[in-house]
Amino acid sequence: MTASPSDPSVDLVTLGQRLRHLRRTRGMTLDQLSDAVGRAPSQLSLIENGKREPKLSVLQAIAGALGVPMQDLLRPEAPSRRAGLEIELAHFQQNPAYQALGLPVVRAGRRLPADALESLIGMHRELNRVLTEQTATPEVARRANAQLRADMRRRDNYYAEIEQAAARVLQSVRHTTGPLSQRGILDIAAQIGFTLHYVNDLPSSTRSVTDLKNRRIYLPQVASGKGHDPRAVVLQTLGHFVLGHNDPADYGDFLRQRVEVNYFAAALLMPEKFAVDFLAEAKTDRALAIDDFRDAFGVSYETAAHRFTNLATHHLGIPVHFARVHESGIVYKAYENDNVRFPSDVTGAIEGQPVCRKWASRTVFEADDPYSSFYQFTDTTAGTYWCTVHVEATSSGLFSVTVGTPYEHSRWFRGGDVTGRTVSHCPDPDCCRRPPAQLVDRWSGNAWPSARVHSHLLAALPPGTFPGVDNRDVYDFLERRAL
């Protein structure tokens with residue numbers, strides 16, 4: 001894959017710095033380069049300062065005049081440490097938080113002393129850290145998640161641009177059908193310009209670390225044991241570069257990027273064309289089943305359930321909801337575009353809220369065999385829904401993974417003729433929250449429970465550009481590996 005100046009992954013400030021660095025190392029002035037490419041020096045100056053996006057023809061002419069491949073101009077790393085600091089300063093000054101202060105922009109040219117540049121960078125980093133710590137609260141995270149879920153609902157959880165990006169990647173490695181192999185993943189990494197390295201000393205706060213300088217992706221030798229498909233971890237990391245992600249500006253941006261790379265990985269593991277063909281045939285047979293979808297592509301049940309929500313509405317016309325619920329009844333993840341009413345707090349957040357005891361996500365734990373296929377109809381205040389549920393055991397306890405749809409669409413699914421049915425009146429407290437009157441009479445005033453406080457609900461989110469990641473550990477790790 002060859003980047004172009006219009007590619008969103010190409011940073012114009014870095015492009016300008018690389019152009020200036022290559023021009024100066026060849027002893028050329030702007031006027032000389034201008035004569036060589038037939039462009040005014042003022043136009044070239046704007047490009048070098050990251051203020052103008054060059055046309056492809058201009059970039060090709062510049063590369064020819066400098067005697068370098070065009071790809072050298074488009075590389076994402078800074079050409080020198082000084083240039084890297086100047087790029088960082090330019091990005092800091094483009095930040096809305098800095099611009100809101102009304103302070104002048106400092107041009108980091110050759111006349112700016114190195115110590116002054118270092119000082120400015122240090123102050124900007126500290127300003128960023130303080131702003132991040134002030135905003136990274138659980139309430140901010142819940143609001144950001146609610147906004148992201150609203151965007152997913154608006155799209156029917158279908159991201160056409162990511163589907164297209166994944167299709168181009170698969171085409172580039174000539175992957176035509178079947179589960180994506182390790183060989184295919186290595187080919188994809190090579191196409192994007194990375195090599196994969198499996199190590200046993202990855203920082204504990206990370207699932208992978210990418211060395212942009214040497215184009216290496218470091219991954220754990222052994223799977224984490226937390227249910228992560230090792231193939232997905234690699235593909236999610238590569239997704240950041242294919243999708244042109246920059247350092248996340250805030251927690252909402254971090255969440256958005258995480259959703260996009262998860263989607264990208266799933267679109268590679270379960271390519272749209274083959275997945276839709278498989279699902280359409282199953283719908284014709286009235287035998288849609290997440291289990292079959294999982295087995296056809298060799299992924300986890302949760303990955304298959306997520307992927308089904310990507311494709312079901314857009315391609316099959318089936319509105320759906322998804323939920324991952326702990327055995328305690330607490331929602332960990334959820335999505336809906338079928339008007340099911342998940343419990344939510346005042347910020348609109350679903351995560352951390354208790355699900356009705358009558359919903360399939362919870363009744364499954366009371367089943368004689370909760371690990372077998374489980375189906376249920378539930379009459380709710382928003383209508384009747386059919387659900388299929390899978391239970392998985394983790395180190396944090398049992399979780400149910402639910403895919404549901406309104407009653408009229410249940411006919412397309414295996415298990416759509418189930419007779420099991422419950423009635424939910426939530427959020428009415430009399431549904432399942434309020435104890436029966438006889439128990440209230442017997443125990444009111446005679447019970448003193450000691451509440452288990454989930455400290456993560458009270459604590460601020462981990463600060464940093466990548467929340468929870470210890471940069472000192474990451475830099476120490478990269479330094480060890482670079483030796």
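**Helix 14 and its surroundings**

In helix 14, the buried residues are Glu272, Ala275, Val276, Leu279, Ala282 and Lys283. Buried means under 20% relative accessible area, exposed means over 50%, and partly exposed lies in between (1.4 Å probe, protein chains only). Seen down the axis of helix 14, these buried residues fall within an arc of 130°, so they line one face of the helix. The arc is that of the directions from the helix axis to the C-beta atoms. An α-helix has 3.6 residues a turn, so residues three or four places apart point the same way.

This is a predicted model: local features need pLDDT of at least 70, side-chain atom pairs count only at pLDDT 80 or more, and totals for chains, interfaces and linings use all residues. Residues are numbered from 1 along each chain as its sequence is written, and side-chain values use heavy atoms, leaving out hydrogens and water.

Now look at the rest of helix 14. It spans residues 272-284, 13 residues in total. Helices (H or I, at least four residues) and strands (E, at least two) are DSSP runs, numbered from the N terminus. From first C-alpha to last, helix 14 reaches 18 Å, close to the 18 Å expected at 1.5 Å a residue. That expected span is 1.5 Å times one less than the number of residues. The face turned away from the buried side carries exposed Lys273, Glu281 and Thr284. Arg286 follows the helix, with a positive phi near 55°.

What covers the buried residues of helix 14? The cover includes helix 10 (160-172), helix 13 (251-269), helix 15 (290-297) and helix 16 (301-316).

Next comes the largest nonpolar core, with 64 residues. Such a core is a set of buried Ala, Val, Leu, Ile, Met, Phe, Trp, Tyr and Cys residues joined through side-chain atoms within 4.5 Å. Leu268, Leu288 and Phe293 are among the residues with the most contacts inside it. The largest share of this core, 9 residues, comes from helix 13. Leaving aside neighbours within four places in sequence, Leu268 is in contact (heavy atoms within 4.5 Å) with Ala166, Val169, Leu170, Leu180, Ile188 and Leu235. A second, separate core has 18 residues, including Leu19 and Val37.

Finally, turn to His390 in strand 7 (residues 383-394). Is His390 buried or exposed? His390 counts as buried, because its relative accessibility is 18%. Not counting residues up to four places away in sequence, His390 touches Arg294, Tyr301, Phe399, Ser400 and Val401.
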